[in-house]
Amino acid sequence: MSYELKNFKVLGYTTDFNKCECCGKEDLKGTVSILDLIGDIVLHFGSTCAANANKYDSIEAAKLAKQLIKDEIKAFEKAQKLYKLDCLNKAIQDARNEYQESEELKAYNKRISDSYDMDNSTYELHRAIVQENIRIGNIARDKKNEIILKYNLPDGFSYRLG
Ligand SMILES: [Zn+2]
């Protein structure tokens with residue numbers, strides 16, 4: 001599009017300002033930051049008011065403004081998604097490190113490897129070994145659940161902790 005907006009420039013979209021400085025509407029999800037070229041000030045308008053800000057200029061200006069605003073909102077939402085994904089991956093990694101380093105998991109892994117060498121020649125001995133393995137395994141599982149809660153991990157990520 002070769003048409004340039006004469007009266008304002010779309011700078012971006014933000015969720016830091018939630019009130020439209022044009023109509024005063026509050027509790028908006030986000031606002032469009034626009035540079036008013038006439039007044040040389042940055043304003044935060046709701047997307048409807050932002051799209052209408054150039055309405056006295058021309059139809060092309062209004063169309064372009066709408067498109068620019070749409071693009072900015074899209075770019076913002078994409079960045080926000082990536083940021084959330086980043087945060088989640090970091091939380092999973094931290095939780096995984098904490099679980100892998102926990103005494104509870106170490107005790108369970110040691111118990112399993114020790115139990116290979118234990119005398120399980122009778123049913124009673126074998127049963128006692130398995131029961132103790134389960135008891136220690138449950139302690140490790142409780143620890144894992146505690147860490148999942150601590151890091152606020154959503155359901156379905158428990159397998160990624162090991
Ligand atoms: Zn408004």
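Colleague: What share of the protein's contacts with a separation of 6 or more comes from residues 24 or more positions apart?

Modeller: That's 54%. A contact here means that two C-beta atoms, placed from the backbone, lie within 7 Å. Bear in mind that this is a predicted model: local features need pLDDT of at least 70, side-chain atom pairs count only at pLDDT 80 or more, and totals for chains, interfaces and linings use all residues. Residues are numbered from 1 along each chain as its sequence is written.

Colleague: And how do I read helix 4?

Modeller: Helices (H or I, at least four residues) and strands (E, at least two) are DSSP runs, numbered from the N terminus. After helix 4 comes Asn 152, with a positive phi near 60 degrees.

Colleague: Take Lys 143 in that helix. Why does Lys 143 count as partly exposed?

Modeller: A residue is buried with 20 or more other C-beta atoms within 10 Å of its own, exposed with 12 or fewer, and partly exposed in between, the C-beta atoms being placed from the backbone. Lys 143 has 19 such neighbours, so it is partly exposed.

Colleague: Which residues does Lys 143 contact, leaving aside neighbours within four places in sequence?

Modeller: Tyr 99, Ser 102, Glu 104 and Leu 105. Glu 98 is 45 residues away from Lys 143 in sequence, yet their C-alpha atoms are 9.9 Å apart.
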